[in-house]
Every structure is written in structure tokens, then in C-alpha cells.
Amino acid sequence: MIVDGTLARALVRWQRAAGPFWLYVCPAPFLGDVVSRVTRLPRSVRPSWVDALLPIIQADERVAVFVDEPIDRSLAAAALLNDSRLIVVPVIQRWCTTPAVLSSRRLIDLLVAGSAVVAPVNDPLGVVFLLDSERHGAPPSGGSRQRRRVHRSFDNRYAYSLDRFPPADALIQRGITAVRWVSESVVADDLVRYAQELGSGGLAPLMLIEPTFAET
């Protein structure tokens with residue numbers, strides 16, 4: 001049981017930093033029983049999509065970016081994105097406990113450490129929604145060892161629902177004029193309907209496929 005309120009304080013900080021998008025900071029990962037062991041966000045990981053996006057974001061358009069990549073990589077870039085006048089919104093519904101199908105230790109460390117460096121943004125250039133691309137778990141290998149492990153562990157895999165993200169009109173009301181979608185491949189099955197809704201609302205996502213990461 002968490003008694004020091006570390007995760008509760010982290011949730012409040014993320015929601016404050018998310019400003020008008022605070023509702024989309026999912027509480028789920030902050031309600032589990034995994035306690036953070038770190039206090040500082042690592043700055044050594046720089047996903048390659050960051051360098052591709054920043055020149056776009058510096059243009060006149062106000063951009064909403066949906067990053068459907070491994071969440072530990074994207075969270076490590078939170079400070080850089082925030083310093084670039086971008087609102088950072090982690091949209092993570094993973095229940096963090098152990099043992100579980102999806103590991104949670106590094107996720108919790110990054111959420112807690114990241115909450116200490118993000119802040120509300122004055123006159124933001126856009127908003128970045130960080131999605132958990134590992135939410136479905138690893139593809140089944142069919143091995144009996146994997147099946148036994150999954151059976152003994154809490155199944156915290158999940159899919160996103162349409163209401164986990166702001167509709168197109170809400171984004172437009174906040175000054176958003178364009179949408180970029182970062183993924184290693186096509187839009188995931190559970191996000192197809194949302195991407196279609198954005199298109200119908202006048203904000204058709206432009207895909208930015210980044211299959212590799214650059215570490216510096």
C-alpha cells in the first residue's frame with residue numbers, strides 16, 4: 001500500500017501541467033501498488049520523432065501530436081517537449097501492479113520523475129498526447145511458459161476507447177489547427193475510429209512513421 005502520497009502528488013502535477021487537457025491524464029497508473037524509486041527524469045533518451053516534430057511545431061500552426069510509441073521512451077522526452085512550449089499529456093490506462101502481464105516499474109519511475117519537471121505552458125505551441133503503444137502486450141508466442149506466466153499474473157493489458165481523447169471540436173476550440181500522428185506503423189486498431197472522427201471534424205491526422213529511435 002502506498003502511504004507517502006507520491007503517486008497522488010505526481011497525478012496532480014501532471015494534471016496541472018496539462019492545463020485545459022487535464023481530464024485526459026488517466027488516473028489508472030497512479031492508483032496501483034508500485035512505488036517509484038527515482039526522483040530525476042533521465043535526459044539521455046531522445047526519440048527520433050522529437051527532431052522531426054519540433055521544426056513543424058515552430059511553424060504558425062498550433063499542432064496536436066499523438067505519439068503512439070513505447071511509453072518509457074516518450075515520457076523520457078517530456079521535459080524537452082515541455083521546454084519547447086508544448087503541453088504534455090500522458091494518456092495511460094495501464095494498471096500498475098506486480099506481478100502483471102505489462103511491467104510497470106519503469107513506467108511509474110518515469111511518471112513520478114516527469115511530474116517534477118513538467119509545468120503549465122503559457123501561450124503553448126501545441127499539445128502532445130503520449131500514448132502507451134505496449135498496451136496490448138507482446139504478440140503471443142504460443143509457448144506454454146508464456147501462457148503460464150500470463151495466467152499467474154494480473155492482466156493489465158487494455159485498449160483505448162473513443163472518450164479517452166478530446167474530440168476535434170474541443171481541439172479546435174483550443175486553437176489547434178493540425179494533427180500529427182507518430183507511430184511505428186499504421187494507426188492501431190483501437191485508435192482507427194478516433195482518427196476517423198478527427199478527420200470528420202476537420203483535423204485529419206498526418207502520419208509521421210518513425211520506426212527507429214535515436215539515443216544521444
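**View 1. Strand β2, an enclosed strand.** Strand β2 covers residues 63-69, and seven of its seven residues are buried, so the strand is largely enclosed by the rest of the structure. Please keep in mind, as you look around, that this is a predicted model. Which residues cover the two faces of β2? On one side you will find V63, V65, V67 and E69, and on the other A64, F66 and D68, all of them buried.

**View 2. Strand β2 beside strand β4.** Here β2 is shown with strand β4, which spans residues 126-132. The two strands run parallel and are joined by seven bridges.

**View 3. Strand β2 beside strand β5.** Strand β5, made of residues 178-183, also runs parallel to β2. Six bridges join β2 and β5.

**View 4. S115 in helix α5.** Now we turn to helix α5, residues 105-115, where S115 is found. Is S115 buried or exposed? Its relative accessible area is 1%, under the 20% cut-off, so S115 counts as buried.

**View 5. The surroundings of S115.** Leaving aside residues up to four places away in sequence, S115 touches A10, R13 and W14. A polar atom of the S115 side chain lies 2.6 Å from the backbone oxygen of V112. L7 is 108 residues from S115 in sequence, yet their C-alpha atoms are 9.6 Å apart in space.

Definitions and conventions
Residues numbered from 1 in each chain as written. Predicted model: local features only at pLDDT ≥ 70, side-chain atom pairs only at ≥ 80, totals over all residues. Heavy atoms only, no water. Buried < 20%, exposed > 50% of the residue type's maximum accessible area, 1.4 Å probe, protein only. Helix = DSSP H or I, 4+ residues; strand = E, 2+ residues; numbered from the N terminus. Pairing = 2+ DSSP bridges. Contact = heavy atoms within 4.5 Å. Polar contact = N/O pair within 3.5 Å; in protein donor to acceptor, adjacent residues only side chain to side chain.
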